[in-house]
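This briefing goes through one model by topic. Please have the sequence and the structure open while reading.

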2 protein chains.
Amino acid sequence: MNRTIGLLGGGQLGQMLCEAANPLGIKVVILDAENSPAKQVNAKAEHIAGSFVDSEKIRELARQVDVLTVEIEHVDTHVLEVIAEMGIEVTKKDGSKYYKKVEVQPSWRTIRTIQDKFIQKDHLLQHGIQVAYSTPATENTIAELQRIGKDLGYPFMLKARKDAYDGRGNFPVMSPPDIKKALEVLNGRELYAEKWAHFKMELAVMVVKTEDAQTTDSSSTISYPTVETIHEDSVCKIVYLPPRTIPKKIQQQAQALARKAVGSLWGKGVFGVELFLLDDGKLVVNEIAPRPHNSGHYTIEACPTMSQYKSQILSILGIMPPFPNNTIPAVVPSAIMLNILGGASKTSHDEVIRQSIAIPSAALHMYGKESKPGRKIGHITVVAPTLHEAETLISPLITLIGNIRAERKGIKAPSSKSHPETSPHPLIAVTMGSDSDLPVLNPGLALLESLSIPYHVTITSAHRMPARMTAFASSAVENGFKVIIAAAGGAAHLPGMIAASTSLPVIGVPVKGSTLDGMDSLLSIVQMPRGVPVATVAINNSINAALLAARILGTTDEVIRLKLEKFAKDSEEEVTGKARKLEDLGFEKYLEKR
Amino acid sequence: MNRTIGLLGGGQLGQMLCEAANPLGIKVVILDAENSPAKQVNAKAEHIAGSFVDSEKIRELARQVDVLTVEIEHVDTHVLEVIAEMGIEVTKKDGSKYYKKVEVQPSWRTIRTIQDKFIQKDHLLQHGIQVAYSTPATENTIAELQRIGKDLGYPFMLKARKDAYDGRGNFPVMSPPDIKKALEVLNGRELYAEKWAHFKMELAVMVVKTEDAQTTDSSSTISYPTVETIHEDSVCKIVYLPPRTIPKKIQQQAQALARKAVGSLWGKGVFGVELFLLDDGKLVVNEIAPRPHNSGHYTIEACPTMSQYKSQILSILGIMPPFPNNTIPAVVPSAIMLNILGGASKTSHDEVIRQSIAIPSAALHMYGKESKPGRKIGHITVVAPTLHEAETLISPLITLIGNIRAERKGIKAPSSKSHPETSPHPLIAVTMGSDSDLPVLNPGLALLESLSIPYHVTITSAHRMPARMTAFASSAVENGFKVIIAAAGGAAHLPGMIAASTSLPVIGVPVKGSTLDGMDSLLSIVQMPRGVPVATVAINNSINAALLAARILGTTDEVIRLKLEKFAKDSEEEVTGKARKLEDLGFEKYLEKR
């Protein structure tokens, strides 16, 4: 806790790192220009003025601190290697000298691997992690790029291997005539080419690595949730938590792949992993950043006790706490992050600031940077109980940001288009032993619809598909369900067998069969042995199963509870109306008119 | 947005204010000693070194800023009055002079009223706000205090009218012999006395005021949730969101009273309102702080887009957005804040820091202050889906804080078991139709004990005490219960009747009577009509009722869910052991040894 962190780079990532370090009482010494964003919020240390690529300044920083880390990967890794492995010469007061080794986190080796995007991709491939197919350009000539075009097909993406970020250093080669222009733009840089990724969505996962060695041990990487990222002009524009339209399973696969990728690297810290979800449903890693990342800004509000910045600090100091399932949960169901890029004039973004401050559930982060066209100068995060609500709130800001871009680029402002519909994640799983049970469940499902509670309905026969049933039950928690409703008839084993493979509350609906009036189903469901409870409702009464599920969700969801109170009131009024009618008409007329 | 704030005082409240102002791009100029906590996180301005009670320094600050505000109320309100009403002399470059008026928010009038605690109480009384009965001491003599003792009765609280905070300036006069000591301690200060408040709980509400004038218009005050505060040695120790045992209705009354009290004051800003919930159920205001408050620290994590600090900034600048129902909601269901006070040595709190960093859902805030015995040097906020989980997480830290206090005061450390302040609020209500049902419930209650889930057990016969039963059920939500377990036998109406008067999930346990083998109870409980569900478990199976209740709580309480998974694993191992024994011994020997 008393160790001092040396930070190479003092931009907005360093600034938010300092905002996390200050309350922890952890000292950060920054190497960057005077008045850089990070220095503006940190008067606790004597910072170093200079460039984070200046090896002499890096040595000066190293002398003062215990751990070195980066907010940008384009640093001199050779001096970092020397400092970490051989140490740095320090002069004592008596004039004698000694060598002090300073930890570099994540390892200089990781930074060096990631710095060169072709080496990065090659590294990942060698560790069994799918990436877009890439090939180096052996020389910067038209002939070589034509050879690559034949190899990869058109379009392909030509990229500078080093010092490329936010799209700078990328050139999409749509067809052979583009090659000349591409060589002009990327003149003099080492290049490689990537096969064009046909993806349906870009995803990102922040991963924390807590061990120095390369690792496949699942306990040494921890992941934040999977988010969807939208890029514009090759720069991150919007981040959605959760992604708008993909199943939870793919989100989990993305987390697993990101953790595997980060596990293949050296050293501790937080990493941003960008992925593509391809048209064929496969996931590939696009690239990795060995530091906090734009796609993780949302964690400041959505994970208020463990933002990506706090986890960078704790992990590089070796004091990151463990998390259940190696996952850092968001405390809010949804969040949307929107970047603010400088516009044509220094005041282009004033209206964005004004409007974002007027949204109670929006957090504005201005970085204290001078506004320049296209420069990242701030961001906004909106949090909400549903992604739909978050989208509604942020929509006017997205329009404003679109207008700023249009003005900056001298193009027509986009029409304020509607966003693709979001489907909320189901909280209730409804299953049955046979499709013949569906008519019994129908009124309950209709009630869930009318209460706007998202559910997932399926069939899992205990006797005819036992393996599928068990898999369904045992993955229900991780699939985000909160309650399971199971209906079955006869020797009705389904609700009890599901309850045996999950820790969620299971509601059993006895279905009345052709014999025994449903008593067989009722007793099969309700008479569970000690240890495995099933919440049994009346025979065929799926309405009550749905209401019970809603009551369970309502213990923590105020909105659902209020809907239930309204439902009870409506029922009361309905029966009160009948009572009045009966009193008015008398029982004989009432029976006639019924 | 481009206006500069001048801040009188740069302690931890000013520090957290700056942490909120920085990302908004709002400049704050601080008047306080060099290296004060607020200055440590703000290198954006040339601050002023000096005391916030020095009128010349206040004038120097006023010249540089557009709005003045305070993080402490013990300031010179006369100079603030002059600056706000008449303006401050400013010399232009050409040597000519003009008077510049600077807004003071909240108004100097409010600060002056609040500064003198007796005048504050008198002000509130005049505006129809209940406070503890108070009387001024006309002179600091034994005779006068004896007169007051006769008037108020013993014990009474003798208080300095001004410059009193964190209990400094308070003396409890338990009986007449204390008077002499009280006069010695409070020597030379203007005094008043308060009638002793017999309260069952201390509450607090942060309120934002958005209009300059005194107001009863409900749209110009916005409140945060009501919290419970625990004081120790007259200093805030713990804050609970929500309060542990009081109905939601009283929480709402506290918010309304706090808003009314703040509405009676002048100017804009955020206010901390401390209240007593008296033994007779009435609420009275204890005192008001015209600034962010210790009881509102939890808002940093619980209201991550609108902490009390952000709302102070936005309100004093006149750009606070409106909130639905004039309430700022917490995005997490529960939070607990624990103060860290300096211990006997500078390192006394090191272990608190270490352990709080090891809690993933805890946020540590160290203020960058030198540790001195009893000084507020930091705080921790834990957030969780339930107050029970938050209490479980923070409990070891409360023990450590207790040990630090014991060492500081040279007293015996509290035994770690006796935490009266953390007797957790029952989440499950267990009730039965008759005490003859208790033996059936016994194993279930024992299981709740073993899972450390707090419950409340009672009797509410449907047929012999119907009114009490209905009252019990209909107040269950506001009493903080999440699940109800009801056991009954024969014509077992209790579970269904309770379900008819609450929106909580109700679990029914059919109790086997002397006839019909429990089938009467089972069918009476399970065959509920549509609209009113009862989660029925097997006859006499209170274990499963308890497990089902735990599963319901476990849908949002990770700790409980993990305990349930362990329970299932233990059961599996137990039965696995029996299987092995049976296979080893053969069935005949197994039956012999059984």
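What is the mean pLDDT of chain A, and what share of its residues reach 70 or more? The model is predicted, and chain A has a mean pLDDT of 92, with 98% of its residues at 70 or more; pLDDT is the predictor's confidence in each residue, from 0 to 100. Residues are numbered from 1 along each chain as its sequence is written, while chains are lettered from A and ligands numbered from 1 in the order in which they are written. Local features need pLDDT of at least 70, side-chain atom pairs count only at pLDDT 80 or more, totals for chains, interfaces and linings use all residues, and side-chain values use heavy atoms, with hydrogens and water left out.

**Confidence**
- In chain A, residues 417-423 have pLDDT below 50, and this stretch has 14 contacts (heavy atoms within 4.5 Å) beyond near neighbours in sequence.
- Where pLDDT is low, the predicted coordinates should not be read in detail.
- For the complex, the predictor gives an ipTM of 0.76 and a pTM of 0.77.

**Interface of chain B and chain A**
- Chain B and chain A each bring 78 residues to the contact.
- About 6400 Å² is buried between the chains, 62% of it from carbon and sulfur atoms; buried area is the accessible area (1.4 Å probe) that two parts lose on being put together, summed over both.
- B:I357, B:P533 and B:R551 supply 11% of the area that chain B buries against chain A, more than any other three residues.
- Helix α18 (residues 542-554) of chain B gives the largest share of the side of chain B that touches chain A, 6 residues; helices (H or I, at least four residues) and strands (E, at least two) are DSSP runs, numbered from the N terminus.

**Salt bridges**
- Over all chains, the structure holds 52 salt bridges.
- One of them joins B:R161 and B:D116, with the closest N and O atoms 3.0 Å apart.
- B:R161 lies in the loop between β9 (156-160) and β10 (170-173) of chain B and B:D116 in the loop between α5 (108-115) and α6 (117-126), so the pair ties together parts 45 residues apart in sequence.

**Backbone details**
- The peptide bond from A:L241 to A:P242 is cis, with omega near -10 degrees.
- A:P242 sits in the loop between β14 (235-241) and α9 (248-263) of chain A.

Note on methods:
Salt bridge = Lys/Arg side-chain N within 4 Å of Asp/Glu carboxyl O.
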